[in-house]
Amino acid sequence: MPETRFADIRRFESIDSTNRYLLDEARAGAPEGVVAVADHQTAGRGRLGRTWEAPAGANLLVSVLLRPAIDPGGRHLVTTAVALAAVDAIRATGVAGVAIKWPNDLVDAGGRKLAGVLAESDLAPVAAADGRPSPVVVGIGINVNWPSADSDLPPELAGLAVSVSQLAGGPVDREALLLAFLTALEPRTADLGTPSGRARLGADLLADCTTVGTRVRVDLPEGSFEGTATGISPEGHLVVATGGATRTVVAGDVVHVRPGS
Ligand code: BT5
C-alpha cells in the first residue's frame, strides 16, 4: 500500500491463523506495518479460545502488526482504531447502518455480527529489550461474501451473522475492501500516537458505538452484572451505570439486553 505503513503484505492461501503468524513475526523482531492476509484459516481465533468461522476464499481475514506508542492502559484503542477503519471501509462500499458493539464487534442495524476484531500482545519483555514500542497484533475477520444467504450459516450462527454482500445486495470485491481498510487504518494508527488523536478515536468510537445508551449485561470472569452503558472512557473502555454506581469495563463480553427480556 503506497503512502501507508502497510507496504509489506504477506498473502496465504491457507494458514492456521494470521494473528498467530504475526505474533511469531513480532517475536522475531518484525517492524510495524507487516500485514498478513489469508484466503482460509484452519484455526481462526476469536477471543477467549473461541473460533472464527469463514469458508475459503469468501471473506477478509487480515492481521496487522502495530507498535503503537501508547500506555498499556490505553491499548483498547488499538482495537478501536482497527474497528473504525473497517467501519470506514465498509461504509465506502455504500452499506449503511454499520456500528461497533463494544468491545470488538461490527454489527448491522439488526445487531447481527459483520466482523470481529482480536488484538493480541504477549510480547512486552521482548519489546522492552529492543527499545521499540511493544508490538500488538490486531486481526479482523470481515464477512464479505459469506454468508451469501442466511441459509449458508451453521446453526450456531443462525440469525447472528451477516455479510457485507448481503447488506450491499451483491458480491463485494475483497481486494478493494482490503485496500480501503488499510488506507483508512493509516490515519487511525497515526492517531494512536498523540493525545489529540486518541481523543479523536474515543470520540469516533462513541459516535459509532451501538452499545452506549443501551441496557447491557456484562459477563466477567468473576461474574455478571447488568446496567446501562452510559459512555466510553478516554481509554476506550465502557462506562456502565449500575445500581447507583458507575463501573468502567476494561474487558469482557457485553450482551445488549432487550427491554423486558
Ligand atoms: C472475535 O472474537 O470476534 C474476533 C475474531 C477475529 C478473527 C480474525 S480473522 C483474522 C485474524 N486471525 C485470527 O486467527 N483471528 C483474527 P469473539 O468476540 O470471541 O467472537 C467469536 C464468536 O463469534 C464465535 O464464538 C462465534 O459465536 C461468532 N462467530 C464466529 N465466526 C463468525 C462469523 N464469521 N461471523 C459472525 N460471527 C462469528
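## Secondary structure

In this predicted model, the protein has 6 helices and 12 strands.

## Overall dimensions

The C-alpha trace extends about 50 × 45 × 30 Å along its principal axes.

Buried residues make up 49% of the 261 residues. Of the contacts in the protein with a separation of 6 or more, 64% are between residues 24 or more positions apart.

## Helix 2 and helix 6

Two packed helices are described by the angle between their axes and the distance between the axes. Helix 2 covers residues 76–92 and helix 6 covers residues 195–208. Their axes come within 10 Å and cross at roughly 60 degrees. Angles of 65 to 115 degrees would count as roughly perpendicular and those under 35 degrees as roughly parallel; helix 2 and helix 6 are therefore oblique to each other. The crossing of these two helices is left-handed.

## Residues at the helix contact

On the helix 2 side, the contact is made by Leu77, Thr80, Ala81, Leu84, Val87 and Arg91. These meet Arg198, Leu201, Gly202, Asp204, Leu205 and Asp208 in helix 6. Sorted by class, the contact of helix 2 with helix 6 has 6 nonpolar, 2 polar and 4 charged residues.

Conventions. Residues numbered from 1 in each chain as written. Predicted model: local features only at pLDDT ≥ 70, side-chain atom pairs only at ≥ 80, totals over all residues. Heavy atoms only, no water. Axes fitted to C-alpha atoms, helices over the stretch in contact; angles between N-to-C directions. Helix = DSSP H or I, 4+ residues; strand = E, 2+ residues; numbered from the N terminus. Parallel < 35°, antiparallel > 145°, perpendicular 65-115°, else oblique. Left-handed = near helix turned anticlockwise from the far one by under 90°. Contact = heavy atoms within 4.5 Å. Nonpolar A, V, L, I, M, F, W, Y, C, P; charged D, E, K, R; others polar. Buried < 20%, exposed > 50% of the residue type's maximum accessible area, 1.4 Å probe, protein only.
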